[in-house]
Amino acid sequence: MLKPETIKKIRVLLSEKRYSQRTVAKIVGVSRGTVSAVALGKRKIYLHKSPDWAPPILSPKGRPQRCTLCGALVQMPCLACQLRKMTENRNKDFLA
């Protein structure tokens with residue numbers, strides 16, 4: 001999967017109409033077929049979107065501590081407990 005920045009760079013270079021697809025491919029470091037696919041609109045920019053049921057994942061901070069729920073030595077918040085809770089909520093919605 002191409003990075004969104006790479007696709008944007010290809011589009012910019014193609015829009016200038018100074019370079020051939022082969023030259024753009026060499027500049028960016030991808031194949032000519034990839035440049036052709038971007039030019040034809042077959043390569044889109046996909047941004048990651050989390051599902052509606054998923055809570056925001058927080059970045060762990062601070063020193064490792066014992067999780068009050070599972071007892072593991074982790075950086076808080078405990079991502080394992082968050083994942084377990086997400087899975088339980090998803091299963092409840094599925095079974096309902």
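Which residues does valine 38 touch, not counting residues up to four places away in sequence? In this predicted model, valine 38 touches Ile7, Ile10, Arg11 and Arg43 once residues up to four places away in sequence are left out of the count.

## Helix α3 and what covers it

Val38 belongs to helix α3, which spans residues 32-39 and whose buried residues are Thr34, Val35, Ser36, Ala37 and Val38. The cover over the buried residues of α3 includes α1, residues 4-16, and α2, residues 21-28. Just after α3, glycine 41 adopts a positive phi of about 80°.

## The packing of α1 on α2

Two packed helices are described by the angle between their axes and the distance between the axes. For α1 and α2 the angle is about 145°, and their axes lie 10 Å apart, while the handedness of the crossing of α1 and α2 is right-handed.

On the α1 side of this contact stand Thr6, Lys9, Ile10, Leu13 and Leu14, and these meet Gln21, Val24, Ile27 and Val28 of α2. By residue class, the contact of α1 with α2 is made up of six nonpolar residues, two polar ones and one charged one.

## The largest nonpolar core

In soluble globular proteins, nonpolar side chains tend to be buried together. The largest nonpolar core here consists of nine residues, namely Leu2, Ile7, Ile10, Leu13, Leu14, Val24, Ala25, Val35 and Val38. Two or more residues of this core come from each of α1, α2 and α3, and α1 contributes the most, with four residues.

## The cysteines

A disulfide is a covalent bond between the sulfur atoms of two cysteines. A search of the whole structure returns zero disulfides. Cysteine 67 is in no disulfide, and the nearest cysteine sulfur, which belongs to cysteine 81, is 3.5 Å away. Cysteine 67 is also buried, its relative accessible area being 6%.

How values were computed:
Residues are numbered from 1 along each chain as its sequence is written. This is a predicted model: local features need pLDDT of at least 70, side-chain atom pairs count only at pLDDT 80 or more; totals for chains, interfaces and linings use all residues. Side-chain values use heavy atoms; hydrogens and water are left out. Buried means under 20% relative accessible area, exposed over 50%, partly exposed in between (1.4 Å probe, protein chains only). Contact means heavy atoms within 4.5 Å. Axes are lines fitted to C-alpha atoms, for helices over the stretch in contact, and angles run from 0 to 180 degrees between N-to-C directions. A crossing is left-handed if the near helix is turned anticlockwise from the far one by less than a right angle, and right-handed if clockwise. Ala, Val, Leu, Ile, Met, Phe, Trp, Tyr, Cys and Pro count as nonpolar, Asp, Glu, Lys and Arg as charged, and the others, Gly among them, as polar. A nonpolar core is a set of buried Ala, Val, Leu, Ile, Met, Phe, Trp, Tyr and Cys residues joined through side-chain atoms within 4.5 Å. A disulfide is a pair of cysteine sulfur atoms within 2.5 Å.
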